[in-house]
Amino acid sequence: MRFAADKAKIVRGAHINRQRASSVSSQAKRGSGIVNVSQVFAAQSKKMRQETAVEEALAQRLNEVAPMTRRSRRLAAKAAARKNHVMTGSTMAALVGVAAGAVAVVAPKSPLKAPLAADPTTSQVTTSSFTSARVDGGSSVSRSQVRVPEGQDQQTSNHGTWELADSSLDVSSMFKSLADNPVVAKLMDQNQAVLPANFNPNHSTGDAGNVYEFSQCTWWAYVRRHQLGLPVGSHMGNGCQWAASARALGYWVDNTPRNVGDVIVFNAGQEGTDPTYGHVGIVESINPDGSITTSECGVSLGGKTYSHTYKNVHDFQFVHY
């Protein structure tokens, strides 16, 4: 089967010869002047070479686009596969070479030295393990590393002790009580050695607001207990009845003043109090000699309070919490 490119090759020589002869003849037959045949022939030869190059390129292009036989296509496919295989192998070899070179540059000369288990507070690192080879035969370290002479060990230690700033921690100052009222919880920790057995700090307080008559001793006892954050009942009765009412609600009551805020209970007529209603006051301080100082109020004082000191403290009853 003949293709266009083959036909172009066959007729190319005849066409060139006819063109050459025609051009030389036309140049020789010019009307006037002497014609240098050799110059004309040289010019024509140059032109012919140019045209020949164009024709060869055209023939090559025609051969490329011409239909191929099955055998030609198989051969071309095999050649392309071999070319791709060779190029892939070359690319992989180049990548492996680059990776190996990079590893050789950054890899440490020796593995890191792990700290010995015998001394858990000391860790040792050899600086030379971070030294990498350079092309010029020297060594280099990263900027994040300490630049110390190669081969010299850098040792860091942690010998700190895990201790509290104040080793004399007073454990007794920590609340151990389960009382809902934080003031009661603190007082219970202070009175732990003398607390009644099975005492319930979360008993009913009987508090429904201050319903006592203004400026009465009971009115002031209620106000002052609230100021100190201590529980107090609203219907404790007359002054002389407060100890019995408090016991019924679950309060701790005895004959010894324990804390600031305790209610001191006077029996009817005791220490000159009213012979019918008795009296109550609040313990404001427990003095070094064992005496107590109180704050008290009365109906004739218009809400003002007065203070008194008692030494015979065990003659009275005291409501704690």
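A contact means heavy atoms within 4.5 Å. The structure is a predicted model, in which local features need pLDDT of at least 70, side-chain atom pairs count only at pLDDT 80 or more, and totals for chains, interfaces and linings use all residues. Residues are numbered from 1 along each chain as its sequence is written, and side-chain values use heavy atoms, with hydrogens and water left out.

**Exercise 1.** Determine what share of the contacts with a separation of 6 or more comes from residues 24 or more positions apart, and what share of the residues is buried.

*Solution.* Step 1: residues 24 or more positions apart account for 55% of the contacts with a separation of 6 or more. Step 2: buried means under 20% relative accessible area, exposed over 50%, and partly exposed in between (1.4 Å probe, protein chains only). Step 3: of the 321 residues in the protein, 26% are buried.

**Exercise 2.** Identify the salt bridges of the structure and state how accessible each partner is.

*Solution.* Step 1: a salt bridge is a side-chain nitrogen of Lys or Arg within 4 Å of a carboxyl oxygen of Asp or Glu. Side chains of opposite charge can pair when their charged atoms come close. Step 2: the search of the whole structure finds 2 salt bridges. Step 3: Arg-224 pairs with Glu-284, with the closest N and O atoms 2.9 Å apart. This pair links distant parts of the chain, since Arg-224 lies in helix α5 and Glu-284 in strand β7 (residues 279–286), 60 residues apart. Helices (H or I, at least four residues) and strands (E, at least two) are DSSP runs, numbered from the N terminus. Arg-224 is buried at 18% relative accessibility, whereas Glu-284 is partly exposed at 23%. Step 4: Arg-258 pairs with Asp-254, the closest N and O atoms being 2.8 Å apart. Arg-258 counts as partly exposed because its relative accessibility is 27%; Asp-254 is buried, at 14%.

**Exercise 3.** Locate Asn-191, classify its accessibility and list the residues that Asn-191 touches, not counting those up to four places away in sequence.

*Solution.* Step 1: Asn-191 sits in the loop between α4 (182–190) and α5 (217–227). Step 2: Asn-191 has a relative accessible area of 7% and is therefore buried. Step 3: beyond residues up to four places away in sequence, Asn-191 touches Trp-252, Arg-258, Asn-259 and Tyr-321. Step 4: one of these residues, Arg-258, also forms the salt bridge with Asp-254.
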